[in-house]
Amino acid sequence: MPEKSIASFDVKRLEILDEEGNADKTLMPGLSGGEIKHIYEMMLLSRAFDERALQLQREGRLGTYASIRGQEAAQVASAFAAEKTDWIFPSFRETGVQITMGYPLYMLFQYWSGDERGMKCPGGLNVFPVCVPVGTHLPHAAGAAMAMKIRGEKKAALAYFGDGATSKGDFHEAFNLAGVFRAPAVFICQNNQWAISVPLSRQTAAGTLAQKALAYGFTGLQVDGNDVFAVYKAAKEAIEKAKSGGGPSFIECFTYRLSDHTTADDSTRYRPAQEVEEWKGRDPVKRLRLYMEKEGLLDGEFQKQTEEQAEKAIDEAYHKMEEIGPPPANDMFAYTFEKPSPGEAQQMREFLG
Amino acid sequence: MAAVNMVQALNMALRQEMEKDPSVVILGEDVGRDGGVFRVTEGLFEKFGGERIMDTPLSETGIVGAAIGMSACGLLPVVEIQFMGFIYGAFDQIVNHAARLRSRSRGRFTCPLVIRTPYGAGIKALEIHSESTEALFAHIQGLKVAVPSGPYVAKGLLLSAIRDPDPVIFLEPARLYRMIKEDVPEEQYTIPLGRARKAREGKAVTLISWGSMLQRTMKAANGFDADVIDLMSLSPWDAEMVLSSVRKTGRAVIVQEAPKTCGFASEVAATIAEDAIAYLRGPVLRVAAYDVVLPFSKLEDYYMPGIERIKNKIEEAMRY
Ligand SMILES: Cc1ncc(C[n+]2csc(CCOP(=O)(O)OP(=O)(O)O)c2C)c(N)n1
Ligand SMILES: [Mg+2]
């Protein structure tokens with residue numbers, strides 16, 4: 001009997017907005033001028049927060065910080081596609097997602113300054129605490145999505161992670177669970193091509209990350225991660241599909257980390273300056289600005305105003321964090337259990353003297 | 001002989017052993033071109049190439065599991081797990097395989113690998129980078145656990161770990177990496193696994209510690225006639241040295257960075273209670289972190305046992 005082909009696959013890449021700010025009108029998602037302006041504002045705010053955080057870290061006012069520079073489109077546009085009732089499972093490089101979801105800026109400062117109170121997501125939002133062990137939050141998103149399905153809620157669970165995370169077993173187990181249970185999960189990978197010093201070619205021998213979803217029975221799409229419209233469109237469709245019972249999706253946002261891995265890293269040790277320069281030319285913020293100028297959505301006045309508002313919001317947030325001050329030391333005893341264990345209670349008494 | 005820090009001492013040990021023994025290989029995240037995030041493997045990629053210094057995918061289970069296969073198959077892998085907080089993905093491999101391969105194959109296959117990992121608080125790191133869970137590993141039969149307390153010990157202990165025929169978890173207190181410099185001989189020397197050392201001689205009280213707490217214990221010991229023991233190995237550990245010291249002093253204070261409940265100090269205390277109770281003047285005392293989830297950096301100093309807390313416990317012991 002002859003061998004026959006029993007499966008074949010196709011992996012797509014979506015691009016809408018080019019580097020000069022020209023959009024393919026046939027592919028444009030339905031976004032109003034006001035919505036596009038809002039996305040732009042969030043991108044500028046995210047970038048301004050990022051720059052401030054780096055500066056504050058250098059001054060010794062914040063701890064180690066992970067910059068999102070270059071990844072603003074992937075973060076802001078995908079989060080903008082979500083609703084407040086959706087659940088977000090972020091990694092540690094997600095400032096733009098948090099800001100777009102409405103996470104208070106002063107709490108982000110608290111988090112990065114080593115104050116755990118910044119991790120307490122305010123009511124009305126479902127943003128999980130930042131996940132530091134790479135990829136370990138993906139099964140949580142799968143499980144949250146399974147719960148949404150069981151409870152009959154029209155919600156989606158969005159998990160954010162990097163290219164490095166796709167090498168963890170957790171990634172594969174989460175994908176498999178979500179696929180088997182057709183859970184309303186949206187997996188969003190920011191493939192910034194580096195995991196600290198390890199290049200993408202050392203994470204996988206596969207041609208794309210997107211294709212990994214196919215083995216788990218759902219779609220994987222690669223998008224130009226520096227293209228707000230492609231990211232938004234892919235995320236919106238995936239979220240709608242999830243909410244209408246279509247199961248999970250995977251979106252690989254192909255992008256680039258323009259900064260060091262964190263403030264504790266020196267990327268000149270391992271990656272060519274030439275590569276960084278090339279990607280600076282593909283700046284997602286600039287690309288959207290060019291588009292908006294062409295479409296008459298942005299002029300010098302709007303740009304100036306948006307920048308000023310962002311700086312003001314950041315100033316206020318930082319002052320608020322400073323005004324609140326450091327956490328009281330006994331905060332560390334408050335959340336181990338709902339009620340302290342007898343041993344812990346005894347230790348707290350000793351601690352308080 | 002040059003004064004070097006612990007990063008340099010570890011680097012020297014790795015380089016020299018790799019020169020001597022072609023079966024030694026290193027694998028982990030960022031250990032190659034970047035030289036490790038703490039630079040312990042700096043320069044080794046350039047010297048030994050990518051076949052022996054392997055930058056791996058971000059895959060702790062895979063790294064440790066593969067190292068088990070390599071070690072069974074003639075190599076001597078030294079794994080770097082970037083921080084101890086990320087080792088748990090590989091716990092299955094460590095506990096169910098590395099620790100048991102000798103036993104499961106009745107000695108036919110063995111697992112001479114080393115897993116190095118930085119650990120401990122006091123470096124103002126992000127979440128999950130600062131815990132001390134050495135007791136989890138010391139509790140597993142078939143694993144050896146070593147913890148250097150400074151550059152000199154680090155070099156000799158790592159060489160023993162690499163040459164040991166069984167799996168060794170080698171825990172490097174990150175706070176010490178660049179804190180202390182010591183004279184470390186260029187020549188190779190070993191410090192045996194399973195043995196403690198006297199960091200100071202005294203007659204009135206025995207202070208037992210390891211890793212990052214040794215420095216603080218030594219400082220707190222000032223003004224007391226204290227015998228200070230640096231355990232260096234937690235499994236197996238040198239109960240003999242501890243017992244003979246306690247039989248001499250009649251007092252024992254154990255200092256650990258980890259939370260109190262079920263930490264390694266509990267094992268030391270129980271052993272003293274079993275085998276030296278007749279010599280004790282008072283209770284065996286522990287100084288440890290609180291039984292809470294390790295707080296973020298702003299509260300870290302309240303959490304970690306400091307010199308004052310250690311001093312107070314020594315005074316308490318001296319009242320008996
Ligand atoms: C399980 C685990 N292993 C190692 C680390 C240390 N570490 C932090 S970030 C990182 C690289 C992550 O790369 P990627 O997933 O691509 O995300 P990116 O940092 O590029 O956003 C590593 C190795 C970690 N946090 N968790
Ligand atoms: Mg990455």
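Guide: Buried means under 20% relative accessible area, exposed over 50%, and partly exposed in between. The model discussed here is predicted.

Visitor: Why is Arg39(B) counted as buried?

Guide: Arg39(B) has 16% relative accessibility. The cut-off for buried is under 20%, so Arg39(B) counts as buried.

Visitor: Where does Arg39(B) lie, and what is its phi?

Guide: Arg39(B) sits in the loop of chain B between strand S2 (24-28) and helix H2 (44-48). Its phi is positive, about 75°, although Arg39(B) is not a glycine. Most residues other than glycine have a negative phi.

Visitor: Is Met232(B) buried or exposed?

Guide: Met232(B) has a relative accessible area of 3%. Buried means under 20%, so Met232(B) is buried. Met232(B) is in the loop between strand S11 (226-230) and S12 of chain B. Phi of Met232(B) is also positive, near 65°.

Visitor: What is the peptide bond from Ser235(B) to Pro236(B), cis or trans?

Guide: That bond, from Ser235(B) to Pro236(B), has omega near -10° and is cis. Most peptide bonds are trans. Pro236(B) lies in the chain B loop between strand S12 (233-235) and helix H9 (239-249).

Visitor: Why does Phe181(A) count as partly exposed?

Guide: The relative accessibility of Phe181(A) is 41%. Phe181(A) is in the loop between helix H6 (169-180) and strand S4 (185-191) of chain A.

Visitor: Which residues form a nonpolar patch with Phe181(A)?

Guide: Leu177(A) and Val180(A) form the surface patch with Phe181(A), and together the residues have about 270 Å² of accessible area.

Visitor: Where does ligand 1 lie, and which residues are closest to it?

Guide: Ligand 1 lies between chains A and B. It is surrounded by 20 residues, the closest being Arg93(A), Asp163(A), Gly164(A), Asn192(A) and Glu60(B). By class, the shell has 10 nonpolar, five polar and five charged residues.

Technical notes:
Residues numbered from 1 in each chain as written. Chains lettered and ligands numbered in written order. Predicted model: local features only at pLDDT ≥ 70, side-chain atom pairs only at ≥ 80, totals over all residues. Heavy atoms only, no water. Patch = residues over 30% accessible without salt bridge, like charges linked within 9 Å, V, L, I, M, F, W, Y side chains within 5 Å. Areas by Shrake-Rupley, 256 points an atom, 1.4 Å probe, with all protein chains shown as cover. Salt bridge = Lys/Arg side-chain N within 4 Å of Asp/Glu carboxyl O. Helix = DSSP H or I, 4+ residues; strand = E, 2+ residues; numbered from the N terminus. Buried < 20%, exposed > 50% of the residue type's maximum accessible area, 1.4 Å probe, protein only. Near = heavy atom within 4 Å. Nonpolar A, V, L, I, M, F, W, Y, C, P; charged D, E, K, R; others polar.
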